[in-house]
Amino acid sequence: MEGRLRDGRPEGAGLTQGIKIQDPAAFIRRETRVKPVPHAEEIRLHLADEAMGLWQKTEDELGELGLAPPFWAFAWAGGQALARYVLDTPDLVAGKSVVDFACGSGLIGIAALRAGASSCHAVDIDGFAIEAARLNAELNGVSVSVERADITEGDPLETDLFFCGDVFYDKNMADKVLAFLDRTLATGTPVFVGDPGRSYLPKDRLELLATYRVPVVGALEDSEVKKTCVYRLLPKPARDNDCSKAA
């Protein structure tokens, strides 16, 4: 197994895309432990102790080599920060519908529901992530609707709030996601981002809301604690087409 992790996550598509999964729920229960989230201890998740062993077992389970790592099995810094922010500012989500985009473990959506959101739709391209989100929601006494799909090429989803954590680690993905988020903003839906400074974060498009020091799995990151921020994504500035200002 080559060390493919870079800046906390690898390039490439999510795990298990297009692959039939025999029993993901049984696999998740068998290969993880229920633990509190370090920066949002009110929430418990099915989490892995380390990445490489679970990565190998996932490939063995599916009979497929070269898969991306099991993002769903870890509480990533951006997701933890967003979860903490939502739990600490429940008025943001109270009575509202939310989307947890690239949901992984489902942490952000679970936090929103625990804080009073009316509903959460969790979306990911990874079949294991979808099952993990469902199991983790049940573990925390809430219910999420789930969708396994790449929604970035389609129309924006109808929702009151849109959340995404740790989605700007790969350039191709970041470009694709940002274009989709711009279409989401155009519908009037606020977009919130949690990120510890990934390589392709659109820094000139962000309004800072909160900053945290988030405990993470050191083997997956460059430190045991990551300075992580919560932002509101700002609309793309309009081009100045006023010909009278031309020289």
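Predicted model: local features only at pLDDT ≥ 70, side-chain atom pairs only at ≥ 80, totals over all residues.
The secondary structure of the protein chain amounts to six helices and nine strands. The chain has 247 residues, of which 54% count as buried. Its exposed surface comes to about 11300 Å², and carbon and sulfur atoms supply 48% of that area. Among contacts with a separation of 6 or more, 70% are made by residues 24 or more positions apart.

Seven of the strands form an open sheet with mixed pairing, in the order E5-E4-E3-E6-E7-E9-E8. The edges are taken by strand E5 (145-148) and by E8, each of which has a single partner strand, so one side of each is left without a neighbour in the sheet. From one strand to the next, the twist averages 20°. Strands of a sheet pair through backbone hydrogen bonds, in either a parallel or an antiparallel arrangement. E6 and strand E7 (residues 191-195) run parallel and are joined by four bridges; Phe162 stands opposite Val191 in E7. E7 and E9 run antiparallel, again with four bridges between them, and Gly194 has Val230 in E9 as its bridge partner. E8 and E9 are also antiparallel and are joined by nine bridges. In this pair, Pro215 stands opposite Val225 in E9.

H4 lies across strand E3 (97-101), strand E4 (119-124) and E6. Relative to E3, H4 runs at about 160°.

In soluble globular proteins, nonpolar side chains tend to be buried together. The largest nonpolar core of the model contains 36 residues, and those with the most contacts inside it are Ile43, Val93, Val98 and Phe163. At least two residues of this core come from each of strand E2 (40-47), helix H3 (77-88), helix H4 (107-114), strand E6 (161-165) and strand E8 (206-215). The greatest contribution to this core is that of H3, with seven residues. Apart from this core lies another, of 21 residues, which includes Val177, Leu201, Leu206 and Cys229.

The surroundings of Ile43 were listed without residues up to four places away in sequence. On that basis, Ile43 touches Lys35, Pro36 and Val37, as well as Leu87, Leu107, Ile110, Ala111, Arg114 and Asn140.

Asn136 provides a polar case. The residue lies in helix H5 (residues 127-139). Its relative accessibility is 0%, so Asn136 counts as buried, the limit for that class being under 20%. The side chain of Asn136 reaches the backbone oxygen of Ser105 at a distance of 2.9 Å. Residues touched by Asn136, not counting those up to four places away in sequence, are Arg44, Leu45, His46, Ser105 and Ile110.

Notes:
Residues numbered from 1 in each chain as written. Heavy atoms only, no water. Core = buried A, V, L, I, M, F, W, Y, C linked by side-chain atoms within 4.5 Å. Buried < 20%, exposed > 50% of the residue type's maximum accessible area, 1.4 Å probe, protein only. Contact = heavy atoms within 4.5 Å. Polar contact = N/O pair within 3.5 Å; in protein donor to acceptor, adjacent residues only side chain to side chain. Pairing = 2+ DSSP bridges. Axes fitted to C-alpha atoms, helices over the stretch in contact; angles between N-to-C directions. Areas by Shrake-Rupley, 256 points an atom, 1.4 Å probe, with all protein chains shown as cover.
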